[in-house]
Amino acid sequence: MIVKILRTENEMKKYVAIATLVLSGGSAMAQSTPAGLWKTIDDDSKIEKSYVRIIEAGGVVSGRIDKLLEPGTVGAKCDQCEDDRKDKPIQGMTILRNLKHSSDERDVWDNGDVLDPFNGKVYRARVKVLDGGKQLQVRGYLGPFFRTQVWYRIE
């Protein structure tokens with residue numbers, strides 16, 4: 001009987017260890033997605049620029065500006081945009097479109113586009129989740145040239 005109890009306790013420890021690994025693996029996977037709320041920082045002034053909400057639906061990632069943070073930008077419109085976003089308010093605007101999970105890299109979404117609403121330019125886009133999901137590398141390409149920003153997860 002004592003052997004049976006010890007065996008049962010050892011089995012319980014195994015089950016607890018397995019459950020812990022499975023649950024911690026699930027939370028790590030949850031952070032490897034770009035979905036969430038992100039803070040953007042201005043490249044030059046290093047001032048907080050906006051909050052961007054990224055969602056994933058049907059395997060496609062998109063992001064819209066939830067809130068503009070820079071003084072003087074609230075109420076701004078995309079007057080230099082050349083597509084359906086022309087003269088629309090920047091706050092609430094979708095700036096990331098059509099990103100899909102990369103088949104080559106686990107934490108990368110690409111083949112979409114990103115808009116800089118302050119100059120109206122649209123770039124091919126690639127985003128990569130960094131630092132366990134705390135940062136997002138956002139890269140826009142125009143031909144062989146690219147510009148990279150790092151966004152910071154808020155939630």
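Visitor: Where is the place of Lys 46?
Guide: Lys 46 sits in the loop between strand E1 (36-41) and strand E2 (48-57); strands are DSSP runs of at least two residues, numbered from the N terminus. This is a predicted model, in which local features need pLDDT of at least 70, side-chain atom pairs count only at pLDDT 80 or more, and totals for chains, interfaces and linings use all residues. Residues are numbered from 1 along each chain as its sequence is written, and side-chain values use heavy atoms, leaving out hydrogens and water.

Visitor: Is Lys 46 buried or exposed?
Guide: Lys 46 is exposed, because its relative accessible area is 58%; exposed means over 50% and buried under 20%, with a 1.4 Å probe and protein chains only.

Visitor: And what about Gln 137, buried or exposed?
Guide: Gln 137 is buried, at 17% relative accessible area. Gln 137 belongs to strand E7 (residues 135-142).

Visitor: New topic: how many disulfides does the structure hold?
Guide: There is 1 disulfide, meaning a pair of cysteine sulfur atoms within 2.5 Å. Cys 78 is joined to Cys 81, S to S 1.7 Å, and the link is right-handed, with 75 degrees about the S-S bond.

Visitor: Are those two cysteines, Cys 78 and Cys 81, buried or exposed?
Guide: Cys 78 is buried at 0% relative accessible area, and Cys 81 is buried at 1%.

Visitor: What is the mean pLDDT of the protein?
Guide: The mean is 86, and 80% of the residues reach 70 or more; pLDDT is the predictor's confidence in each residue, from 0 to 100.

Key:
Helices (H or I, at least four residues) and strands (E, at least two) are DSSP runs, numbered from the N terminus.
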